Amino acid sequence: MNTPAKRRYIIALDQGTTSSRCVIFDNSGKIVQVVQKEFKQIFPKPGWVEHDPMEIYASQYSVMIEAIAQSGIHAKHILGIGITNQRETTIVWDKVSGKPIYNAIVWQCRRTADLVETIKKDKKMSEYIKENTGLLPDAYFSATKLQWILDNVEGAREKAERGELLFGTVDTWLMWKLTNGKIFATDYSNASRTMLYNIKDLCWDKKLCEYFNIPMNMLPEVKASSGIFGNVNMFDYDIPIAGVAGDQQSALFGQTCFAEGDVKTTYGTGCFLLMNIGSKYIKSKNGLVTTLAASSGKDGKPEYALEGSVFVGGAIVQWVRDQLRFIVDASDSEYFATKVKDNGGVYVVPAFTGLGAPYWDMYARGTIFGLTRGSNRNHIIRAALESIAYQVADLVGAMKMDTNLPIHAIKVDGGASKNNFLMQFQSDISDSEIIRGTSSESTALGVYYLTGLAVGLFKDKEEIKECESVGSSFKPKMSKEDREKYLSHWHKAVRMCQGWEDNN
Ligand code: ADP
């Protein structure tokens, strides 16, 4: 243990979709202070989601100052700042005034869905996007949001063409503001979510910028996730920003998924699975996307990751709580699920907004199958929790098929990962060990490590691995026959709810 006199600190700024957080770690990895502030969600029309970029910056800056002040640490003992952020969210601002020309268009915003439908019809372009950005054309990613701002904000296109506007994801915006416009940069992991970045050649893709009509001079410089981006002057000290990564890639790094085949799943409102696939690009044949992981290697070259997401993860538990009113608190689900010996043949398919990978059926709708006179509330609660695990297992299956790699273990984090029943069932149904760490801060931990590597707190990734502590581990106990039976029922239930909206 370090003596207080030698204690040094790293500040992790975690800019999320609903709140800005600051987590201060000391050099032994201990969390010294956490300050969090929610900010306004703006819904101008159905399906549209915006944030005020100034509020993003102000809330992030104020939690940082408050965390420093409350912890009583001295600025000269801060080794560096790391930034992790909500991904894809798009901000355009005026280079001279430093003012955004429009609100941030948030990743969830569907305003460009029609535009994306047209792109999807252009098979050659869709294939080009998939091949070079690793992504499937979707309104989720930054490209069409940026195009929308340039096409819809008065005078924006002319200004952009004159080189007066800058584009950034939230990391870029924060760095630019924190350094008074001195740093205009992003990292590989964030760039790879824009649908404008060529993840094979590691450069902004000229053809895509032309296609989306984006002047390339408004795009930031792309750098390795671990390294000195520039200095923030705080209390008369220059503190380097030395680690930057998108939230999911930061969590992958925070979970020390450094080796090829390492997987993490975050169980939040939705679930996010990422697998480190090493230095070779793999194009998914099973509905996953390929993205750039947070880079830390000596040459600064990033590794690739396969990513899949479940739209309705922990949200099914919220639904059981708020709509069915079967439980009062999400954590009650574990108690009730274990009151019955099994699911009693009940399957919940939470396709509230269609089904994502590997089904990609936007016409599927949520359903409960297998009800009998013997079915009760606890069976439905149990089936709701099991549905999270089945969806994750489907993505694990897709990752195995894409990579031919076995998945012996899955590291987990996020709110619903606290549910022991769910974790054991996940282990059983995906036939993998589930490893839950002691820290609930994988995302912030990722940029703590990335920053620590850049400022010399850690020699290398092996040294980081030594800091890791396992909280609980869940090993598969289910027989192969049972696993196959459950999965076959689940897949049957999925088939039955597919194409529902379309047919009616
Ligand atoms: P997000 O970052 O997406 O807001 P969190 O990581 O905070 O999500 O997790 C919140 C989600 O986890 C909610 O959807 C909630 O229903 C679910 N959740 C929280 N605790 C439990 C639990 N003990 N069992 C099952 N689900 C839970």
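The radius of gyration used here is taken over C-alpha atoms, and the rule for a globule is 2.2 Å times the number of residues to the power 0.38. With that in hand, let me turn to the protein, and please keep in mind throughout that this is a predicted model. For 504 residues, a compact globule would have a radius of gyration near 23 Å, and since the protein has 23 Å, the two agree. If you follow the C-alpha trace along its principal axes, it spans about 70 × 60 × 40 Å.

What is this chain built from? The protein contains 17 helices and 23 strands, and 59% of its 504 residues count as buried. When we take the contacts with a separation of 6 or more, 71% of them come from residues 24 or more positions apart.

Let me now go to one helix, H3, which covers residues 123-133. Its buried residues are Met125, Ser126, Tyr128, Ile129, Lys130, Asn132 and Thr133. What do they pack against? The buried residues of H3 meet helix H2 (113-121), strand E10 (197-198), helix H8 (206-211) and strand E17 (289-292). After H3 comes Gly134, and its phi is positive, near 80°.

Next, consider Val170, which lies in helix H6, residues 170-178. Is Val170 buried or exposed? With a relative accessible area of 0%, Val170 is buried, where the cut-off for buried is under 20%. Leaving aside neighbours within four places in sequence, Val170 is in contact with Gln15, Ile56, Asn85, Gln86, Thr89 and Ile91. Met478, on the other hand, is 308 residues from Val170 in sequence, and their C-alpha atoms are 44 Å apart in space.

Finally, the cysteines. A disulfide is a covalent bond between the sulfur atoms of two cysteines. How many disulfides does the model have? Cys22 is in no disulfide, and the nearest cysteine sulfur, which belongs to Cys467, is 20 Å away. Cys257 is likewise in no disulfide, with the sulfur of Cys467 as its nearest cysteine sulfur, 15 Å away. Cys22 counts as buried because its relative accessible area is 0%, and Cys257 is buried too, with a relative accessible area of 4%.

Methods
Residues numbered from 1 in each chain as written. Predicted model: local features only at pLDDT ≥ 70, side-chain atom pairs only at ≥ 80, totals over all residues. Heavy atoms only, no water. Helix = DSSP H or I, 4+ residues; strand = E, 2+ residues; numbered from the N terminus. Buried < 20%, exposed > 50% of the residue type's maximum accessible area, 1.4 Å probe, protein only. Contact = heavy atoms within 4.5 Å. Disulfide = S-S within 2.5 Å.
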